[in-house]
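Please open the model in your viewer and keep the sequence beside it, with a way of selecting residues by number. The tour below goes from stop to stop, saying at each one what to select and what is to be found there.

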Amino acid sequence: MGSKKQFPANQINRIIHPFGEVMNIEKVAVIGTGMMGPGIAAVIALAGFDVTLIGERPDWAEDGVKKSHALMDQLLKSDLTAESAVARAKLALRGTKDLQAAVQGVQLVIEAIPENLELKQQLFQRLDRLTPSEAILATNTSGLSVTKISALAAHRERIATAHFWMPAHLVPLVEVVMSPVTSEQTAQTLLEFLRRCGKKPALVRKDLPGQLANRILQGMIREATNLVQEGVATPEDVDNALKNGLGIRLPVWGIIEHIDAVGLDLSLNVQNSVLPALNNEPHAVRLFADKVKQGDLGVKTGKGFYDWNKKSIDDLKQLRDDFIIQTLHFRAKHQSE
């Protein structure tokens, strides 16, 4: 099952952006071996690039490479890549703690360290000094401003966000976010590079809180938790409505496509009717804040909106991954027809 098209080997690493210049992307460094770095490194290595995964300690770097290999094996088992591509990718990926040596001669660095603005600012200031002047520097931040992250760097035009969605080795979306000084060359080169990695990048031309998809998600979270707080529906019924109604068609039926499909006149009437009744406070709902104060933080404490002593997060993650894999197979099949 599946056409194995998601991670094609990269035979030609030259990228031509709209200005007619040519940039070679051959060597990439990924910084961070936690939740995101290994998945990002796996995707890039499977696309045929040489990748160095950088950890803060030697054992973290080694563990990061092992995680990347395991993710590649999952893709192979799921028929989303070929055995030859995995063998080649494992040879192309190495780990190290030596950041200075690892970024020498690279054309792209992707940072995936914890979401701490000061740490990221210091890292990009250092990368700006250590890397070749033509290299692109990207942050995987999901919520911090790339404008602020790049503030201490001298060459801010070569810095942008490349936000991979979790799990990075499966979800196609990567948001490329420009700061006010990010060059068009930087943005377009990143977009083309990500397409070569089998991703579906989206360009965000303004550095706004929440970027693009996460910005929409936060609006959904506010309304969903407000409905629970006001006793309109239980957490189970809210998730049921989203999973089995709105959410199940989103992989092929976008929100803007929906508006055009049903008609802008009808959509306008619905908007004007429903929007005044939605929660529009500029902060999380009271129930959300109360649960945090009580120490009900979700899976990590055993209880949040759900009781996780009665519900398995591992089973839910497996179901999520299986659904994404089947969706990728569906897309590959219909794109080849």
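The axes themselves are lines fitted to C-alpha atoms, for helices over the stretch in contact, and the angles run from 0 to 180 degrees between N-to-C directions. The model is predicted, so local features need a pLDDT of at least 70 and side-chain atom pairs count only at pLDDT 80 or more, while totals for chains, interfaces and linings use all residues. Residues are numbered from 1 along each chain as its sequence is written, and side-chain values use heavy atoms, with hydrogens and water left out.

**First stop: α2 and α3**

Select α2 (residues 58-77) together with α3 (83-92); helices (H or I, at least four residues) and strands (E, at least two) are DSSP runs, numbered from the N terminus. How do α2 and α3 lie relative to each other, roughly parallel or roughly antiparallel? Their axes come within 10 Å and cross at roughly 170°, and α2 and α3 are therefore roughly antiparallel. Where they are in contact (heavy atoms within 4.5 Å), His 69, Met 72, Asp 73 and Leu 76 of α2 meet Glu 83, Val 86, Ala 89 and Lys 90 of α3. These residues divide into four nonpolar, one polar and three charged, where Ala, Val, Leu, Ile, Met, Phe, Trp, Tyr, Cys and Pro count as nonpolar, Asp, Glu, Lys and Arg as charged, and the others, Gly among them, as polar.

Now select Glu 83, which lies in helix α3. With a relative accessibility of 62%, Glu 83 counts as exposed, given that buried means under 20% relative accessible area, exposed over 50%, and partly exposed in between (1.4 Å probe, protein chains only).

Asp 79 sits in the loop between α2 and α3. Its relative accessible area is 17%, so Asp 79 is buried. Its phi is near 65°, a positive value in a residue other than glycine. Most residues other than glycine have a negative phi, and most peptide bonds are trans.

**Second stop: α1 against α2**

On the α1 side the contact is made by Pro 38, Gly 39, Ala 41, Ala 42, Ala 45 and Leu 46, and on the α2 side by Gly 64, Lys 67, Ser 68, Leu 71, Met 72 and Leu 75. By class, this contact has eight nonpolar, three polar and one charged residues.

**Third stop: the nonpolar cores**

A nonpolar core is a set of buried Ala, Val, Leu, Ile, Met, Phe, Trp, Tyr and Cys residues joined through side-chain atoms within 4.5 Å. Select Ile 40, Ile 44, Phe 164 and Phe 193, which have the most contacts inside the largest core, a group of 46 residues. Helix α1 gives the most to this core, with seven residues. A second, separate core has 20 residues, including Ala 29, Val 103, Val 106 and Ala 153.

Select Met 166 and Pro 167, which are joined by a cis peptide bond with omega at about -5°. Pro 167 is in the loop between β8 (159-164) and β9 (173-177).

**Last stop: α8 and α9**

Select α8 and helix α9 (residues 235-249), which pack at an angle of about 135° with their axes 8 Å apart. That makes α8 oblique to α9. Met 220, Ala 224, Leu 227 and Val 228 of α8 make the contact with Pro 235, Val 238, Leu 242 and Leu 246 of α9. Which classes do the residues of this contact belong to? They divide into eight nonpolar, no polar and no charged.

How values were computed:
Angles under 35 degrees count as roughly parallel, over 145 as roughly antiparallel, 65 to 115 as roughly perpendicular and the rest as oblique.
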